[in-house]
Amino acid sequence: MTAMTDDTLPITPRAMRDEMIVFGLMAVLLAIVPFTGIYPFFVMQALCFALVACAFNLLIGYGGLLSFGHAMFLGTAGYCSAHALKVWNLPPELGIVVGTAAAFALAIVTGYVSIRRQGIYFSMITLALSQLLYFIYLQAPFTHGEDGIQGIPQGRLFGVFDLSQPTILYYVVLAGFLGAFLLIYRTINSPFGEVLKSIRENEQRAISLGYKTDQYKWLAFILSGTLAGFAGALKVFVAQNASLTDVHWTMSGEIVLMTLVGGLGTIFGPVVGAFVIIAMQQYLAGFGQWVTVIQGVIFVACVLLFRRGIIGEVAHYFKRSL
Amino acid sequence: MQALYAQLLVGLINGSFYALLSLGLAVIFGMLNIINFAHGALYMMGAFVAYFLLNLFGINYWWALLISPLVVGIFGMILERTMLKWLTGLDHLYGLLLTFGLALIIQGVFQNYFGSSGLPYSIPDQLRGGMNLGFMFLPIYRGWVVVFSLVVCLATWFLIERTRLGAYLRAATENPTLVRAFGINVPRMITLTYGLGVGLAALAGVLSAPINQVRPLMGADLIIVVFAVVVIGGMGSIMGSIITGFALGVIEGLTKYFYPEASNTVVFVLMVLVLLVKPTGLTGRAA
């Protein structure tokens, strides 16, 4: 397997310092958004997708597993949270828990099935599993088929924070994003993360060293799926609906695209990639199907010319890991 | 019983498409080490070329069966020469990503000009009508699709497993460097193989045009089912791809009769079961 990133060495204090500085900058920049007049809805949406992309990146960038079905976690958590909020009238915090737990359960099952094959088969299996779920949601009564679940009440988080206020909702989403981001960062730099990287580089050797690589991959898959689900649950409060779009394979493709544009296996790449792709969709919304064509062109250009992605190129230029 | 036989026939037809498409995927994967995500889009192009031939040039179905795979095959070879060949030596996943991008481009362009609705393509005169077989009524065109696909599949099998060219191809799959040392132009063989695989997809597209109408997204969902077929059957064996393709089509058809709610999902469920029982797929080499 060819290395996708240069960061095979254990993390150095300098790299850690750089990354914490960039993280601090990102957190400050995101925190002042409500005071800048930027449309908060756009940033919130981008943050949710950034989190999904980061979760996806945990698998591909550090475990070498290309999941083409991450939309299933986004969509499943979305539907379950939406149902819990609207039909069961649960408070927001429990709604998020229900959605995330559903994604967790789904990841346990789908992970168990899909890690049984490697490489390209893994991608095809995840894609097929997400298509299976798509058809289930298309027919299941609680998802309301083509209409989706709409008009979801936002409620008060912990009975205090009124999520129908855009600024409050923004900071809640931001807190969720930053917390999950730190969790992923911590995972990557943990002994567990090091084993994952070794599996990416050479699975046979990792096995010969005595690691039960299947268990590591399964655990990484569960973590990734659960975090993607958490993002899906947050997104319900932003979009106030849950629909089939979020489970469709095109959504899985977009998640892949975001990560690829930002840089596979980079820490901040998926965040940058998500903002770029969501911004592009906003500005090009009037062009109809040409958006799909442009996305395809970006895919092709990234693979042929630009494999490191935006952050990967920047990191390469400064000879740092980001 | 009539309905059961009818669904069985539909299953056999879908099975023909699964077989033709998974066969192409397997052949391409063997030589290029790429899973061709654009396969569904090229299948769609095959149907569209037949549509253009008929409506712009008045060229009939029979010529389309020959010309459309050639046109799409050449288009595929251009893609291989200009893009896919640069991926040699890189991780498999880049091939998947690149061809996914190509699929988005091709489908997006067609959607722009033709929307999402279907264009009609009529059954050629010679294949109209039907036969009463006693136990069921067989529309001739549908019977033709099944028989013709089976013949094409077996011919491809023969080409690869029983001819000298096929022997080169199998040898190049195993060890391209060594085969090159024997003076065989492997890069050209790779290009031709991609053309062949893509041509099979286009052929399936022409065959399906009179049955399923010609739509820009006709291949988008189909390719995902074919991926599941490939996971079930494995890509190690040509005959395995053919048999798995037809068998899954029939199972899907039976499901439509006995439990229609599950007809969309049965192939995926079977994939899960196969992975649980025999992770390497039915025809078995590990990936």
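Predicted model: local features only at pLDDT ≥ 70, side-chain atom pairs only at ≥ 80, totals over all residues.
Below, we take the two chains in turn and then look at where they touch.

**Chain B as a whole**

- Taken along the principal axes, the C-alpha atoms of chain B fill a box of roughly 60 × 50 × 35 Å.
- Buried residues account for 51% of the 287 residues in chain B.
- If you take the contacts in chain B with a separation of 6 or more, 77% of them are between residues 24 or more positions apart.

**A closer look at helix α1 of chain B**

- Helix α1(B) covers residues 2-32, which is 31 residues.
- From its first C-alpha to its last, α1(B) reaches 45 Å, close to the 45 Å expected at 1.5 Å a residue.
- This helix is mostly covered, with 23 of its 31 residues buried.
- A handy point to remember: an α-helix has 3.6 residues a turn, so residues three or four places apart point the same way.
- Just after α1(B) comes B:Asn33, which takes a positive phi of about 60 degrees.

**Chain A as a whole**

- Chain A has 13 helices and four strands.
- For 322 residues, the radius of gyration of a compact globule would be near 20 Å; chain A has 19 Å, which agrees.
- The box filled by the C-alpha atoms of chain A is roughly 50 × 45 × 40 Å along the principal axes.
- Of the 322 residues in chain A, 52% are buried.
- Among contacts in chain A between residues at least 6 apart in sequence, 77% link residues at least 24 apart.

**Where the two chains meet**

- On chain A, 37 residues are in contact with 37 residues of chain B.
- Three elements of chain A give two or more residues each to the side that touches chain B: α5 (119-139), α10 (249-262) and α12 (290-305).
- The largest share of that side comes from α5(A), with 14 residues.
- What kinds of residues make up the side of chain A that touches chain B? They divide into 23 nonpolar, 12 polar and two charged.

How values were computed. Residues numbered from 1 in each chain as written. Chains lettered and ligands numbered in written order. Contact = placed C-beta atoms within 7 Å. Nonpolar A, V, L, I, M, F, W, Y, C, P; charged D, E, K, R; others polar. Rg over C-alpha atoms; globule rule 2.2 N^0.38 Å. Buried ≥ 20, exposed ≤ 12 C-beta atoms within 10 Å, placed from the backbone. Expected span 1.5 Å × (residues − 1).
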